[in-house]
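Let's take a walk through this complex together, one chain at a time. Have the 3D view open and follow along.

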Amino acid sequence: MNTWRFVVKRAAESFLVILAALVLVFYLANVAAPNPASVWAGPDASPEQIQVVTELYHLDSPWYVQLYYYLGNFFTGKWGISPLYQTPVISLIEEYLPVTLELAVIALVLKLLLEIPLGVISSLRPGGKTDNGIRLVYTVTRSFPPFMVALVLLLALSYYLHLLPSAYYVSPTLALREPQFGFDIGGHIYHVWLIDNMPILNALLVGDYGAFLSALVHVILPALALALFGFGGIVRLIRNSMLDVLNSDFVKTARAKGLRERVVIVRHALRNSLLPTITIASIIFAGLMQGSLVVETIFNYYGIGYLVAQSLLNFDTPTLIASTVIVTVIVVLSNLVADILYTVADPRVRESL
Amino acid sequence: MSLYRNVRRDKTLMAGLVILVVIVGLTVISATDLRLLTSYSPYSLNFSASNLPPSAKHIFGTDQEGRDVFTRVLAALPVDILTPFIIVVASVLLGGLVGVVAGYLAGLVDEFLMRITDLFLAFPGILLALAITEILGQSHVSLRLLYSEVALIVVGWPVYARLARGQVLQVKNMPYVTLAKVSGLSRTQILRRHVLPHLLPLLLVYSTLDMGAVILNYSVLAFFGLGAPPPTPELGRMVYDGLSALPQNWWSSLFPALIITIIAVSFSLMGDGLRDALDPRMGERYARA
Amino acid sequence: MVEVRDLTVSYKVKGGTLNAVDGVSLAVRKGETVTVVGESGSGKTTLGMVVLRLINPTSGQVFFKGEDITRLGEGELKRFRGRMQLIPQDPYSSMNPRLRVGEIVSEPLLGREDREKVKEALNSVGLDWAVVDRYPHELSGGQRQRALIARALVSDPEFLVLDEPTSNLDVSIQAQILNLLLDLQSSRNLTYLFITHNMAVAKYVSDRVAVMYRGRLVEIGDAKEVMSNPLHPYTKALFDAVPEGDFRAKLRELEVRDEGRQKGCRYSDRCKFVRDQCRLREPDLLKVKENHEVACILY
Amino acid sequence: MPVLEVKDLWVSYTRGGIRAYALRGINMSLERREVMGVVGESGSGKSTLGHAVAGLLPPNSIVERGSITLEGKDLTKMRDLFRVRGTGVFVIFQDPMTSLNPIMKVKDQLAEALQVREERESLPSPFIRWSRRRSLDNRTEREFLEALTRVRFRSPQEVLEKYPHQLSGGERQKVMIAMAYILRPKVLVADEPTTSLDVITQAQVMKMLLSLREEQGTAILLISHDVMLVSKLSDRMMVMYGGMVMEEGSSEELTKSPLHPYTKGLQASVPTQFKGEGRVKQIPGYPPNIFSMPQGCPFHPRCEMAMEVCRKVTPQESRRGEHNVSCHLYG
């Protein structure tokens, strides 16, 4: 009951934030920009093109009229036309975004699998050799620039050792499959729509293991580079909250009850320590989306980061703006999900709603 | 005082400090007269000496245009250190002010300021900064450095606002502030005596840590060519330029990347060390075990 | 000296308002100690904070030496600040860890450097002048509480609110601090509003005792009278819970009842002597003797 | 044969490279169904003793010497200490607000206790253990309800489904006692169980501790700084100071005719008189910190009766009638 009211309230808030973000971006592109027409038409546009764009985006109207059209266009999927690719921006996003989402999710899983256990290990003997070692490592890795990890991995694993491919590649057989796939469960056919450009997921759903393997091999390096970008933030968070929790009375109670140390650590200490991690999960996810900018550029991995990089280098502003907005929307939504998860996980918060 | 002792005892802090002193020294010399450090020019092209691997003559090798990478790294230091510094200082001032005002006045002012802060926090920072710089800087290439600074301040201040507000709220509810109120201290007196002394060290620690992060963010901007306009050398841009010569010429992108890493790590080490030195509670955290 | 009339402080809580203090009237005469006893949540601390005007009352009035200070703004309150002081419960969080003891003690002087004043105050609480250069963490709990008393004295107050000043201290230190407070009261003619949940302490320091239960004043009177002849069932229960006499036998008799919310007398759901009339309306304070008032329909 | 016997126990802490003794040669024994009160001020080592007995000493502490024997097993020599916790010794901590896991229902926290006991009582097959963990069958639920009823919850069924933050401090402490009912420990360490509670709640919690002892024969180690409370509730009590036992004996004896100057001072510093009817006696000075313990008798700097020998020699325990006392006046 209460939880639902909270969800609705938070969803409404998220919507407002997205709206405000849109207005802010609009202000940037249509008001603050020194030359709004060239923002939308590209720097090399001819006077005729400028004329067309001015009419299309109502750039000669007062700002509030422009804003009205801007918002209306955004919610109807008219995100402008890319001067670089000469296609509607929305179709570019549709093509590139899923690739990055898949990459980011894999990187997130990798990151959590690497960092959470390290944080736990580090907290068990604070000040010990293992702990000091882990802390030293993450103090250093935490400040690695995104291209550093990518470069080293690329040079070492791909160019030098030839273990893994250096660039993006999708098995051509996958593209030939039907985009729609059905499961037969108990006589009823459940349809699964494949999302274009999620090669790994699609290969799995279709059951093309060759393509799956190929896609997996190609995703390892970028995903690893992305997972290692900012490596240590979670280790630190887990370590510190574990230290707090391990010193708390309820962990003492759990021990006093006669539970095995493993049960105390996992069921009582770790579960409680994971709560703060949920709250920053969306920040981590936002970091991964941003890290994909550089990582995808270095690995020529055709995701939204790559798209943004191309639009930056070629002054394709409509694509840049749309990408910024859409990533913002994703981050805001992931924040919403994290908040909801947190209220589900922590009864105290659920109660105080 | 005990702070000084803590600083000396703390190895991370010392390590960070030593690296930083070396780098700042090099930066200052580089800014005054680059020829004191190197015999090459960071700008003039020399295609007969292109793509030379690291050697005694060119310790970081040469790039595709035959420029000495080491020289270009040195020449890039002033911009790559000073710009983040300006950004951090401006973010601290702006964010700190907003946070203190919000936390101290509370009520509607707080609500309003925090909504704005939340809005900026909702953005993926780098992406917004890239968009701002690109859109504003498109027609004024010469002002691009300024725009990139503005952009990074825009995405940088909200964290400080949250931090400052949180600290103000926390101190505001301490019993010693209640006592101060009973004794008739005015709001400004309480702010000066009790709130700021807790806030300033926190901001110092956080901004030191943040220096590392901003250096990275700025390097990403530079990576995409949105930092200082050419021919000013920049570490981030050098990494990008080097990519096209991979895998043969690995040195012209790896070494600049390495230098950025070292600078960022040294700030991070120092921030961590400062925090431990200033916050005795953290010390206990290790002792308890 | 200090008087509150029909004071109510309410907070918004989930699903309504909660009256932390509910229609309390109480006067503290010059030079006496009035002790407010009650469990946590009884509103005794809130009452102290309202008297010091740290919390604004929802309704009712606060008087200091005959002047109505209920609606005074922070600027006008300046005149009264320093004349009323607070001795806090927790000597640890009540001292800013970044300030030296000297700076803390001299704070009520508002920047006027007055070494003599500080010296005299420290002297009167039995602390050495040398502590002024120390930081709070270098002091023991008892020393800190002494320093906080010195801090309160430095502005020559007439009235002190003491909010459980010994509840965080060791027993041997508690005795020291209580004796110190009694000595200071007689030597400086101080007026105390003493807040505590410890009955032994209440007995030792009070001239008069006020018993609060869930925001309501249920019994008030001379300390000796109330303590040797408690009338309200709640007051009786409080005394029965004190480890005295054959405590084990008393515990065997003890009935355990959860509290709920009922109409009428707010103690009715826990009361041993509850009658039907109790559920009808909240009883008012009734004078049973010259020096003893109780809010219970039994009387 | 006592359930618990502590002999010449020395425990030290290391902090910042400095080692300090929290316990210096403690002797103690506890019979079945006996309440032993441990009184002392901060830094006296009373909590360390409680933790040591429960096998819960923090990692920066070491048992330097001595033994803690629970039902014939020496805890100081055991590696799997968790096997004696819970069913052997259980602890109720000072702050009920933090002693239950905030994100687990009362039911699940009680279930863990039951699981521990059942595993120890018999060794059921792993499958049964697994299935028990999965489901709360009627029998176990009945056991929880019974335990909660024993600690006088009016509606135990509701309490089972609650999270700790939905309970008051007193109620949480009652849940802890219910847990003790389920675990059936031989020894219950109650470490200042009522310090943060109100008087009336304190009386209720104490009543339940005493019933637990009556019903299950649990021996209770009641640790508190409140001399009055301990002397009224315990069968025997020991007074600790500076990591040592100053005096030990039957509570009645100790209250009526204390021998040690510290015991006397402690009892005298509890006010009993009305205002204006004389002053409460105070012990001068402050309790020592374990890192700066004075030479000789730890109490001598605050002792009115201190002699030359007290400054130099640590007093030995000696028997005086029904008391054991460590003081040169009786040595």
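How many helices and how many strands does chain B have? The count is 11 helices and zero strands, where helices (H or I, at least four residues) and strands (E, at least two) are DSSP runs, numbered from the N terminus. Reading from the N terminus, the elements go α-α-α-α-α-α-α-α-α-α-α.

Before going further, a word on ground rules. This is a predicted model, in which local features need pLDDT of at least 70 and side-chain atom pairs count only at pLDDT 80 or more, while totals for chains, interfaces and linings use all residues. Residues are numbered from 1 along each chain as its sequence is written, chains are lettered from A and ligands numbered from 1 in the order in which they are written, and side-chain values use heavy atoms, with hydrogens and water left out.

Back to chain B. Its C-alpha trace spans about 80 × 50 × 35 Å along the principal axes. Chain B has 289 residues, and 56% of them count as buried; buried means under 20% relative accessible area, exposed over 50%, and partly exposed in between (1.4 Å probe, protein chains only). Now take the contacts in chain B between residues at least 6 apart in sequence: 69% of these join residues at least 24 apart. Contact here means heavy atoms within 4.5 Å.

One spot in chain B is worth a stop. B:Ala106 sits in the loop between helix H3 (69-105) and H4 of chain B, and its phi is positive, about 55 degrees, although the residue is not a glycine. Most residues other than glycine have a negative phi. B:Ala106 counts as partly exposed, because its relative accessibility is 25%.

Next, look at chain A, which has 16 helices and two strands. Of its 353 residues, 52% count as buried. Among the contacts in chain A with a separation of 6 or more, residues 24 or more positions apart account for 70%.

So where do chains A and B meet? On the chain B side, 49 residues are in contact with 55 residues of chain A. The size of an interface is often given as the accessible area lost when the parts come together. For chain B and chain A, the buried area is about 4600 Å², with 75% of that from carbon and sulfur atoms; buried area is the accessible area (1.4 Å probe) that two parts lose on being put together, summed over both. Two salt bridges are found across this interface, a salt bridge being a side-chain nitrogen of Lys or Arg within 4 Å of a carboxyl oxygen of Asp or Glu. You can find a salt bridge between the side chains of A:Arg236 and B:Asp272, at 3.4 Å from N to O.

Several helices of chain B each supply at least two residues of the side that touches chain A, among them H4 (107-122), H8 (187-223) and H10 (251-278). The largest share of that side, 12 residues, comes from H10(B). By type, the residues on the side of chain B that touches chain A divide into 34 nonpolar, eight polar and seven charged. Here Ala, Val, Leu, Ile, Met, Phe, Trp, Tyr, Cys and Pro count as nonpolar, Asp, Glu, Lys and Arg as charged, and the others, Gly among them, as polar.

Over in chain C, find C:Arg188 in helix H6 (residues 171-188) of chain C. C:Arg188 is partly exposed, because its relative accessible area is 23%. Not counting residues up to four places away in sequence, C:Arg188 touches C:Glu120, C:Ser124, C:Leu153 and C:Asp156.

D:Asp8 is in strand E1 (residues 4-15) of chain D, and its phi is near 45 degrees, a positive value in a residue other than glycine. D:Ser67 belongs to strand E4 (residues 61-70) of chain D and counts as buried, because its relative accessibility is 14%. Leaving aside neighbours within four places in sequence, D:Ser67 is in contact with D:Glu5, D:Val6, D:Lys7, D:Asp74 and D:Thr76.

Finally, a look at confidence. The predictor gives the complex an ipTM of 0.86 and a pTM of 0.87. Chain A has a mean pLDDT of 84, with 90% of its residues at 70 or more; pLDDT is the predictor's confidence in each residue, from 0 to 100. Within chain A, confidence is lowest in helix H8 (residues 172-176), at a mean of 45, and highest in helix H12 (residues 249-256), at 94. Over residues 171-179 of chain A the pLDDT is below 50. Where pLDDT is low, the predicted coordinates should not be read in detail. Chain C averages a pLDDT of 89, and 98% of its residues score at least 70.
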